[in-house]
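Keep the sequence and the coordinates open as you read.

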Amino acid sequence: MMKTCSSGTSAGERKLMPFIHEELDRRQLLYSLLMPVMNQYVPDLDKGKALHFLFVKAETKTPGGLVARPVLTSYYKSDHFKNRPFDPYNLYTSPNEAILCPDSFQSMYTQMLCGLIMRHQVLRVGAVFASGLLRAIRFLQLNWQQLSHDISTGTLSPKITDPSIRECMAKLLKPDPELAEFINMECSSEDWERIITRIWPNTKYLDVIVTGAMAQYIPTLDYYSGGLPKACTMYGSSECYFGLNLRPISDPSDVSYTIMPNMGYFEFIPHDDSSPLTLSRDSPPPLVDLAYVEVGKYYELVITTYCGLNRYRVGDILQVTRFHNTAPEFRFVRRKNVLLSIDSDKTDESELQRGIENASVLLKEFNTTVVEYTSYADTKSIPGHYVIYWELMIKNASRPPTNEVLNQCCLAMEESLNSVYRQGRVADNSIGPLEIRVVKNGTFEELMDYAISRGASINQYKVPRCVSFTPIMELLDSRVISVHFSPAAPHWTPERRR
């Protein structure tokens with residue numbers, strides 16, 4: 001028996017769950033189906049390699065001494081991955097030594113360096129999430145000069161200290177001034193449009209998840225790739241792998257997954273946002289078997305796994321789109337109750353509210369309160385970050401909160417958020433510092449007036465706690481009077497789950 005940590009995407013905090021060795025066999029079976037399906041749509045994938053940015057994450061231990069690690073880390077550290085048989089359809093440019101290096105900088109640097117050295121062999125570029133691939137592009141923007149130097153001289157940067165990586169790269173790295181000059185020419189330009197196809201010209205598609213919260217990254221991926229197809233190949237979670245996409249090159253808005261009944265036992269709770277179910281212990285939710293779901297209807301996914309989870313509510317809302325023979329295909333709609341997400345983090349309304357309350361304590365000595373707030377996930381910067389709009393009531397205009405205090409409010413909010421968010425900030429560098437934008441008094445009244453002008457009922461209007469509609473964003477940004485960022489990273493350690 002082993003333990004795995006969830007990504008924290010269902011409820012914010014990582015959960016510990018049972019895991020058995022045989023489950024890796026089952027998941028490996030699903031992995032083995034991905035390329036045969038893909039090869040029906042993209043030929044000759046056995047003629048090159050994949051530049052996939054893969055990373056391990058921090059581990060912890062249970063009180064009983066069992067190692068607990070995220071599920072992908074468990075897979076990368078297993079013999080299934082490390083001693084995998086040769087497969088021409090699943091060759092990576094990244095050596096195992098780089099993937100298994102716990103230092104995220106050294107791992108990313110080495111994987112990018114190998115990808116540049118083998119640039120003509122690369123047929124697909126990817127990461128687990130779209131945000132991860134964009135983080136790799138940003139890494140290249142920041143480090144291309146050192147990478148180019150290493151390629152030109154055939155020596156590895158002294159920043160790379162991992163002995164196994166240095167030994168591995170000593171066999172691979174040879175002086176190549178011509179390639180170094182090419183990298184200098186491409187990366188020194190301010191124009192990074194189509195940079196993926198310029199550096200890796202044989203790339204056929206991007207292998208990234210762009211459904212759900214990751215859809216916000218599609219325009220940026222299109223910019224960097226020149227609109228390459230984006231293949232969402234499979235659907236899974238830490239608790240269980242569910243199925244695969246039988247049409248992997250379809251438009252992201254049309255991605256559906258066929259659930260594999262040998263992965264677990266699947267049931268579904270009918271879902272309707274307009275009339276949500278009210279549940280109690282005495283009245284359990286109605287459950288629909290996989291064979292009896294109906295096209296067009298929405299369901300919440302419930303799973304029973306081989307590892308011991310029984311009728312577990314994953315938190316995913318799905319819609320049945322069609323049938324493949326007699327097997328239903330599902331579109332991932334969203335996570336339940338999720339408000340903000342940049343990477344694998346998920347923040348709901350209650351958590352955001354708690355962060356606002358904790359940060360507001362710092363304003364008391366200035367006789368100031370937060371009147372209203374809303375938020376959005378800013379993904380234009382890399383890494384993305386949370387933006388919180390505050391309208392303040394300052395009762396003593398001669399003594400407003402200082403910039404330093406408002407910066408500390410940003411940090412207080414971050415300290416209130418879940419461990420997955422804090423790990424993204426501290427260890428993974430996948431989330432940037434939280435930002436508070438203070439807006440003029442009366443801004444949220446204008447927001448209500450705008451909503452009413454578009455048909456909202458004044459009696460039922462509620463301030464949206466997360467916004468993405470462009471006119472609303474423009475209204476809010478036009479009323480900003482000050483901007484503040486978290487001055488430091490929040491506290492996080494692998495052992496601290498809360």
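**Fold, surface and cysteines**

The protein chain has 15 helices and 22 strands. Helices (H or I, at least four residues) and strands (E, at least two) are DSSP runs, numbered from the N terminus. This is a predicted model, where local features need pLDDT of at least 70, side-chain atom pairs count only at pLDDT 80 or more, and totals for chains, interfaces and linings use all residues. Residues are numbered from 1 along each chain as its sequence is written, and side-chain values use heavy atoms, without hydrogens and water.

Q: What share of the residues in the protein chain is buried?
A: Buried means under 20% relative accessible area, exposed over 50%, partly exposed in between (1.4 Å probe, protein chains only). The count runs over 498 residues. The buried share is 51%.

Q: How many disulfides does a search of the whole structure find?
A: A disulfide is a pair of cysteine sulfur atoms within 2.5 Å. The sulfur of C114 has its closest cysteine sulfur in C168, at 6.3 Å, too far for a bond. For C307 the closest is in C240, at 8.2 Å, also too far. The search finds 0.

Q: Is C307 buried or exposed?
A: Its relative accessibility is 8%. Therefore C307 counts as buried.
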